[in-house]
Amino acid sequence: MSGQSFTDPLPAPTAGWDNGPSKLELKEREKQGQLEAFGPTDSHALSQIDHDEKGLAQKAGDTDEVTDVGWGHSPQGRIVAGLSNEDLWMLIRRFNKQIYYVKAVPDAPLQRLDLNRAEDEHFSPDKLRATLERFYTTIVVSLTAFYKHIVRLRSWREPRRTGLFCGVYFLAWLLDFLVPTIFCFLITLVVYPPCRIWLFPPAPIALVDSNTGGVQKPKAGVLGSHDSVTGAPEKMKGEAAEQEASNLIASAATVAVGSVAGKHDQGTPEGAPMEDSVPDAMHTVAEAADAQTAAHGGVPDSTHDKTREPMKETVLNGANIGMRIMSDITDIYEKLGNALSPTPPFSSTTPYVRLASILSLGLLGSLITSSYVFVKMGTFVVGFGFFGDPVLARLTAYLNRKYPGWIKLLELQNSLLKGIPTNAQLTLTLLRIGEKNAAPLPPPPADSLNKAPSHPASLNPSQVNLDASEEEITQAAAPDPIAQAQEEEEKSRAKKPKKTIGSRIVGFFRGTTATGIESKLAVDRVRAAAGSDHAKSRLGILSRKGKRALPSGPVRFDARYKGNRGAVVIDSALDPPVLYFTTDPDALLDDQRLESREKGTVSFTLPVTDIRELRKIGGLGWKGKLAAGWAVESKEVVDGLEIVGKDEKKQHYQLTAMKTRNQLFNRLVAIDGQVWESY
């Protein structure tokens, strides 16, 4: 196996684990469903098992040194078994967006998987946006594909397949065997995955017309991706759908802010002299709402307005509840998806047996229950639920008194879907497998962030199962000449922008803002030299775009601590492994052991076992980040990471100016045996 080796031997398993059993015994007990004895959760235990099929990360476990399986180069083969590299990087990329604040909890959760959301999960607009984007990429895209497949079936453009469905349906209806037939159909889909492709042959989502079921030109003008609604080009799998989600949320926010600001209220007269010169009021929502009130003769007064704060609090509480409900729905959807299509190392048998058992009970009930009895029972349950509150309240109180926590046992994640991961839990398990084998999983390639070329994705007959000629499909997938011409025209306009009064005014404010930001950071450097801790935390937060971070892992990570530039290093030669920050330039060499550092160059040391909190932090506040992103186009804001140990007062470290923040977070969250909870 190709890859660079470092002088960090394999870290010892977490204290408290049973280190006695062999890998073979672990594997046998895993087959028997007895993982509890080998780790706090199934995720920890599965990372220790030696599987028959191995990827680069699993094969690296044969050595005693940390192995680079793709941090600075393209991996030569699959990194983990059972998952393509593009799928792995898609999981990691979305994990980085979804998880940014975790705390260690003392007890393993009931569902035997950690990284669950805390009951007092923190709400923020940024997390709401991330939740909405996750909901889109996970559920909306899948439901769009499902809807278009239904349209294909109903269109009779694939007569043999539609005729088969139609014949079976009406035959079952004629024999009064419709419900058992549906249950048999669902059981077959669960226990025999190959029939899914045969019954529902896939096709690129963007290529299917939602009205006719035939072939259409993708909304993006070219079929550059198969799993996105618009068909936009992408360099890595899943990027087009993620960009769609981001633009959808941004567009919805634009409409909402525009409504508050009263944008285009009662029409804008042609040739209005200040329309193009004055900055858009949509950047300051609250002030714009007050301005709209004043424009219509009202007197906006936040001091005496007794409805503003209550309504604001109501909206925030509603948004928080909505975010949690949406997260729960997405979690269940991801768990069902991972139950129907399990990814190693999770079992492929257990979820099939559970789902098939539930469906078999439904099949048995449908065989012995007539439609009359079913309707009578259903209407009784509805009536009892509506009018039986006194009985239900007493029953609930009794159960709470006799069996505390019984409601938790009824939740899907603790019953039918127990032990089945969400995508984030799956990603954490894969990260732990890499750490267990001393081969930390690499981040997605940096060049995937570059713009994807506007050319059609590769097509083969197994990917396009539509009743259309090859010529029709090729023409639909090819770039639209009109759209290409418009894109080239927009590029030329961007290169040679037309100088107008409005653009000059905006350019003036942009230059002034950029100068102000640069001046502020220059003052911070002076204040940092004088000893200001707040100023030290802002050093190096603006970095030129495209500049590579050195060192870049998997053992050492470029960062600043209290304004001092250096590297965060994970020394796995110690037991337990130790995280430390050093300003020693020799840390760039292959020897990353703590004992090799010069005296006085190590700012702090922290055993990874003692880590209790990990929190991603921004380099600037959200206002500062927006201002910097708008004014300083050539530079980017570099974020940081907060690390808290057992002693919150003494072991509280804030790393800043970290381009490799996500990579270090992923290593620390997976390297040891903590049971994490997401906030």
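# Loops, sheet and cavity

Colleague: Between which strands is the loop that holds proline 576?
Modeller: This is a predicted model. Proline 576 lies in a loop, and one of the strands at its ends covers residues 578-582. The two strands are β7 and β8.

Colleague: Which residue does a cis peptide bond join to proline 576?
Modeller: Most peptide bonds are trans. This one is cis, with omega about 0°. The partner of proline 576 in that bond is aspartate 575.

Colleague: What is omega for the peptide bond from proline 344 to proline 345?
Modeller: Proline 345 sits in the loop between α11 (308-340) and α12. The bond from proline 344 to proline 345 is cis. Its omega is near 10°.

Colleague: Which residues does threonine 429 contact, leaving aside neighbours within four places in sequence?
Modeller: Threonine 429 lies in helix α16. It counts as buried because its relative accessibility is 0%, and the cut-off is under 20%. Proline 345, from the loop between α11 and α12, is one of its contacts.

Colleague: Is leucine 359 buried or exposed?
Modeller: Leucine 359 is in helix α12 (residues 350-368). It touches Phe183, Leu186, Ile187 and Val190, not counting residues up to four places away in sequence. Its relative accessibility is 17%, and the cut-off is under 20%, so leucine 359 is buried.

Colleague: What distance separates the C-alpha atoms of leucine 359 and isoleucine 182?
Modeller: Along the chain, the two residues are 177 residues apart.

Colleague: How many residues of strand β6 are buried?
Modeller: β6 spans residues 556-561 and is mostly covered. Arg556, Asp558 and Arg560 point one way, and Phe557, Ala559 and Tyr561 point the other way. In a regular strand the side chains alternate between the two faces of the sheet. Both sets in β6 are buried, and the count is six of six.

Colleague: Which residue in β7 is the bridge partner of alanine 559?
Modeller: β6 pairs with β7 (residues 564-571) in the antiparallel sense, over six bridges. The two strands form a hairpin with two residues between them. In the turn, lysine 562 has a positive phi of about 55°. The partner of alanine 559 in β7 is glycine 566.

Colleague: Which residue in β13 is the bridge partner of arginine 560?
Modeller: β6 also pairs with β13 (residues 652-656). The sense is antiparallel, over two bridges. In β13, arginine 560 has as its partner threonine 656.

Colleague: Which are the edge strands of the ten-strand open sheet?
Modeller: The order is β4-β14-β3-β10-β12-β13-β6-β7-β8-β9, with mixed pairing. Each edge strand pairs on one side only. They are β4 (116-117) and β9 (602-607).

Colleague: Which residue in β12 is the bridge partner of glutamate 613?
Modeller: Strand β10 (residues 613-617) and strand β12 (residues 640-644) pair in the antiparallel sense. Five bridges link them. Glutamate 613 is paired with valine 644.

Colleague: What is the relative accessible area of arginine 112?
Modeller: Arginine 112 lies in the loop between β3 (101-105) and β4. Its phi is positive, about 65°, although it is not a glycine. Most residues other than glycine have a negative phi. Arginine 112 is buried, with a relative accessible area of 13%.

Colleague: Is aspartate 176 buried or exposed?
Modeller: Aspartate 176 is in the loop between α6 (159-174) and α7 (178-191). Its phi is near 55°, a positive value in a residue other than glycine. Its relative accessible area is 70%, and the cut-off is over 50%, so aspartate 176 is exposed.

Colleague: Which helix supplies the largest share of the lining of the largest cavity?
Modeller: About 230 Å³ of space lies in the largest cavity. Of the 16 lining residues, the closest to its centre are Arg94, Phe95, Gln98, Arg134 and Thr137. α4 (85-98), α5 (125-155) and α16 (423-436) each supply at least two lining residues. The largest share, six residues, comes from α4.

Colleague: How many charged residues are in the lining of the largest cavity?
Modeller: By class, the lining has five nonpolar and five polar residues. The charged residues number six.

Note on methods. Residues numbered from 1 in each chain as written. Predicted model: local features only at pLDDT ≥ 70, side-chain atom pairs only at ≥ 80, totals over all residues. Heavy atoms only, no water. Buried < 20%, exposed > 50% of the residue type's maximum accessible area, 1.4 Å probe, protein only. Helix = DSSP H or I, 4+ residues; strand = E, 2+ residues; numbered from the N terminus. Pairing = 2+ DSSP bridges. 1 Å grid on protein atoms, 1.4 Å probe; cavity = no way out; pocket = protein on both sides within 12 Å on 5 of 7 lines; lining within 4 Å. Points joined across faces, edges and corners; volume = space filled by probe spheres on them. Nonpolar A, V, L, I, M, F, W, Y, C, P; charged D, E, K, R; others polar. Contact = heavy atoms within 4.5 Å.
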